Amino acid sequence: MTTPITRFAPSPTGHLHIGGARTALFCAAYARGQSGRFVLRIEDTDQKRSSEAAAAGILDDLAWLGICWDDGPEAQGCGGDDRNVGPYYQSKRRDIYDRYFDRLIQLGLAYPAFDTPEELGEMRKAAEKEKKTFIYRQCADYDHASALERANSEEHVLRFKMPAEAVTVDDEVLGKVVFPYEELDDLVIRKRDGFPTYHFAVVVDDHEMGVTHVVRGQEHLNNTPRHVAMMKALGIERPSFAHLPLIFNPDGSKMSKRDKDKTVRAAVKAAGNISETDAGVTAGEFARWQKDKTVQLPQQNLIGLADKLDVVLPEIDVEDFRRSGYLPEAIVNYIALLGWNPGERDSEGNEIERFDRPYLNEKFAFDRVGKKASKFDREKLRAFNFDLIKAMGPGDFVDAWRTWCERYDTGLLETLDRETMLMLAPAVQQRAVTLSEARVPIGFLFADTDSIEYDEKAVAKHVNKGEPSGLELLKSFAPEIAGIDPFTPDGIEASLASFCESSNIKLGKLAQPIRVAMTGSAVSPPLGVTLAALGKDTVQARVTRLLTTLDT
RNA sequence: GGCCCCGUCGUCUAGCCUGGCCCAGGACACCAGGUUUUCAUCCUGGUAACGCGGGUUCGAAUCCCGCCGGGGUCACCA
């Protein structure tokens with residue numbers, strides 16, 4: 001049997017979309033599990049929209065997820081050209097495409113077409129008027145020789161002459177799908193600028209790179225017969241195809257990069273007082289963005305606006321999830337389950353759905369990929385992430401936390417040293433679903449003692465009420481604080497316990513007023529870590545403040 | 001609109017190919033209890049689905065047909 005070779009071929013027009021990540025993951029998992037190879041190719045034939053930075057970003061996103069490629073651009077410790085089938089940027093493969101263009105022209109299966117975009121627009125409009133789909137065909141009196149001659153001096157595109165027969169696609173996921181000839185047009189394979197179109201480049205590159213399994217989103221299904229027809233024309237052996245079901249938003253719409261703009265646009269409109277200065281772009285750009293749903297603002301500007309408007313951007317790209325503080329392992333596990341499942345049960349008879357990469361690699365196959373599009377359920381992703389966070393050792397957690405902070409919250413690193421974070425870790429891990437939310441349960445650490453606002457209900461219940469009242473208990477405990485040694489979670493807990501025992505009160509009676517003093521509310525992590533993290537001086541200051549502020 | 005794909009709890013799904021083990025199982029969410037110095041974690045339990053209509057069959061979530069619904073695609077983008 002030949003070595004299976006899969007490939008992921010993103011176009012570098014932005015960050016890696018979560019759907020693309022799943023495609024890449026399945027490709028990589030299949031290659032690993034079958035001892036094959038996984039190729040990464042950058043499809044940058046669209047000169048206008050592609051960028052070097054986007055390509056680098058995608059490689060970075062993949063590597064962060066732990067999806068490494070065997071053949072492809074060398075970056076992040078992945079890639080290389082061991083099989084000598086590169087380069088892996090389509091823009092650098094022009095000479096290869098030219099060879100194939102020539103072959104098709106010789107065969108009379110590719111021909112120059114001179115219609116201008118305007119003319120084509122007219123033709124489409126006319127077809128639409130008749131309620132028909134516009135299908136481009138070579139005109140009946142087309143003269144190949146003179147067209148070729150004319151092509152030497154005139155701008156033109158190259159079209160593929162679609163053979164007059166239906167095409168059957170055998171899909172690993174969907175099964176047999178038949179496309180009638182009447183639906184297949186003479187597609188453009190070389191653009192006016194000389195670059196191949198996507199359709200042509202994939203066919204050539206997949207063949208040149210020995211790809212055996214073409215795995216991609218279902219939105220490509222309708223393209224497949226064109227590709228198959230070209231393969232046949234070129235005498236290329238056809239690979240197997242696997243079209244993955246789409247991923248939707250919870251509301252059923254397709255998960256799109258533009259959703260982020262959509263969210264911010266709506267918030268801007270609702271706020272009513274946002275200007276181009278807030279957006280950080282020119283007035284013209286801002287107006288265009290507001291009016292045109294297809295116009296996107298740069299990521300950084302979008303984040304800035306979202307912060308200003310206090311709206312949460314929907315996570316769409318891998319980078320968005322990373323920023324939100326999800327662990328790559330959680331994302332990988334969750335997206336693997338979108339459209340696929342191992343179909344195995346654990347010893348208790350429950351379906352297995354929590355697993356790691358080695359398990360995925362071993363089990364993944366296309367026969368268990370579903371056909372139905374799935375909605376992206378953030379709550380479930382959060383549950384996966386939370387479980388992973390809870391299961392981490394404190395050291396690993398702090399490592400992950402600090403790494404995240406280096407990228408997204410350097411301020412936290414300035415406030416907390418590693419040792420303090422380590423002490424806080426167990427408390428935080430029980431309370432933070434994502435890394436970005438890790439600072440929430442310890443928010444009291446960042447408050448200024450003199451500006452703590454005391455929650456009315458908490459004060460009424462825990463400070464004023466009781467006999468003796470919480471305030472009185474706190475007052476009598478206050479002198480003890482200075483003598484707590486060591487001032488560590490254990491030392492503090494011990495001191496608290498012995499004080500309560502000798503005073504013959506329940507721990508809760510004292511604990512709650514202390515919480516109010518420390519945080520202004522009745523909620524905090526266990527008192528030991530809460531006080532230890534604050535430090536003796538701050539603890540005393542906060543107790544004093546409550547006593548002086550609320551003792552009436 | 002043409003063509004193509006899809007349709008099991010709110011969501012992700014198991015089961016469908018090889019009809020009975022399914023008055024449909026799991027997970028997330030939700031609800032109710034319990035443990036706990038608060039919150040959280042944790043534990044226990046519960047609500048909840050085969051889109052509709054015809055067939056075939058002793059028997060259908062599973063096979064067939066129709067309908068309805070959702071989605072994709074119709075570029076010199078990928």
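Residues are numbered from 1 along each chain as its sequence is written, and chains are lettered from A and ligands numbered from 1 in the order in which they are written. Because the model is predicted, local features need pLDDT of at least 70 and side-chain atom pairs count only at pLDDT 80 or more, while totals for chains, interfaces and linings use all residues.

Helices (H or I, at least four residues) and strands (E, at least two) are DSSP runs, numbered from the N terminus. Helix α1 packs with helix α13 at an angle of about 80°, their axes being 10 Å apart, which makes α1 roughly perpendicular to α13 (a term for angles of 65 to 115 degrees). In this contact, for which C-beta atoms placed from the backbone must lie within 7 Å, I18, A21, R22 and L25 of α1 meet V332, I335 and A336 of α13.

In helix α7 (residues 224-234), the buried residues, with 20 or more other C-beta atoms within 10 Å of their own, include T224, P225 and R226. The buried residues of α7 pack against the elements tabulated here.

| Element | Residues |
|---|---|
| β6 | 157-160 |
| β7 | 167-171 |
| β8 | 175-179 |
| α6 | 198-208 |
| β11 | 240-244 |

Just after α7, G235 takes a positive phi of about 70°.

Strand β6 also belongs to an open sheet of three strands, ordered β5-β6-β9 with antiparallel pairing, where pairing requires at least two DSSP bridges between strands. Strands β5 (110-113) and β9 (188-190) stand at the edges with a single partner strand each, so one side of each is left without a neighbour in the sheet. Four bridges join β5 to β6, and Y111 stands opposite R159 in β6.

Methods
Axes fitted to C-alpha atoms, helices over the stretch in contact; angles between N-to-C directions. Parallel < 35°, antiparallel > 145°, perpendicular 65-115°, else oblique. Contact = placed C-beta atoms within 7 Å. Buried ≥ 20, exposed ≤ 12 C-beta atoms within 10 Å, placed from the backbone.
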